[in-house]
Amino acid sequence: MGSKTSELERFASWVEDLMRERGYDIDSPRGGGKSRLAEDAGVHRAAVTRLLQRQSMPDLDTMRGLARVLGVGLREVLIRSGRATEAELPLPGGGPGGVTAGRSEGVTPEEAAVLLGIPGSHRRQFVEMTEMILAVSGGAQAGRAAAETGRRGAAARR
């Protein structure tokens, strides 16, 4: 039981640090940080209270909500909570080569937002900006490819 208690203690401390970093006032009695976090995450306040009081580990739905509002990936939350290990949740592509290693199609902007832990409140903006950047860089790449094809064709005709 001791390892479960220390696991809960470490996880709760990590969540508290993230809450403070994100501006949730959890230190003053009337700060309202726990209630605001629960509301932002779409979870029950009691689940947040039980975690911060080191009474119980949150369920998966609560962890999803916490990950979203605290700006961390669900993978990290699950690993730090002890619910899963890094080996059980490998990164796509198998690690050091990056997120898209081994995936010729890459990831969608929405998948990238989730992998990066972009909070839901900023996800739409992230996706729109990423799609705009990809469209511009994709157009530039297509233009370079067409120019190169034209140069090769001209060289072959000589």
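## Salt bridges and an aromatic pair in a predicted model

Asp27 and Arg20 are joined through their side chains in a salt bridge, with N to O at 2.8 Å. The term denotes a side-chain nitrogen of Lys or Arg within 4 Å of a carboxyl oxygen of Asp or Glu. The structure is a predicted model, in which local features need pLDDT of at least 70 and side-chain atom pairs count only at pLDDT 80 or more, while totals for chains, interfaces and linings use all residues. Residues are numbered from 1 along each chain as its sequence is written, and side-chain values use heavy atoms, with hydrogens and water left out.

**Confidence.** The predictor's confidence in each residue, pLDDT, runs from 0 to 100. Its average over the chain is 80, and 75% of the residues score at least 70. Over residues 95-104 the pLDDT stays under 50, and for this segment the model has 12 contacts beyond four places in sequence, a contact being heavy atoms within 4.5 Å.

Side chains of opposite charge can pair when their charged atoms come close.

| Salt bridge | N to O distance |
|---|---|
| Asp27 and Arg20 | 2.8 Å |
| Arg22 and Glu21 | 3.1 Å |
| Arg36 and Asp40 | 3.9 Å |

Accessibility is classed as buried under 20% relative accessible area, exposed over 50%, and partly exposed in between (1.4 Å probe, protein chains only). Asp27 is exposed at 54%, whereas Arg20 is partly exposed at 36%. In the pair of Arg22 and Glu21, Arg22 is partly exposed at 33% and Glu21 is exposed at 59%.

Arg36 and Asp40 lie four residues apart in helix 2 (residues 33-41), a separation of about one helical turn. Helices are DSSP runs (H or I, at least four residues), numbered from the N terminus. Arg36 is partly exposed at 39% relative accessibility, and Asp40 is partly exposed at 34%. Elsewhere, salt bridges with shared partners connect Glu9, Glu16 and Arg54 in one network.

**Aromatic pair.** Rings of Phe, Tyr and Trp (its six-membered ring) pair if their centres lie within 6.5 Å; planes under 30 degrees apart are stacked, over 60 edge-to-face, and the rest tilted. The model contains one aromatic pair by this rule. The pair consists of Phe11 and Trp14 and is tilted, at 5.9 Å centre to centre with 40 degrees between the planes. Both residues belong to helix 1 (residues 2-21), three residues apart, or about one turn of the helix. Phe11 is buried, at 1% relative accessible area, and Trp14 is buried at 13%.

Definitions and conventions:
Helix = DSSP H or I, 4+ residues; strand = E, 2+ residues; numbered from the N terminus.
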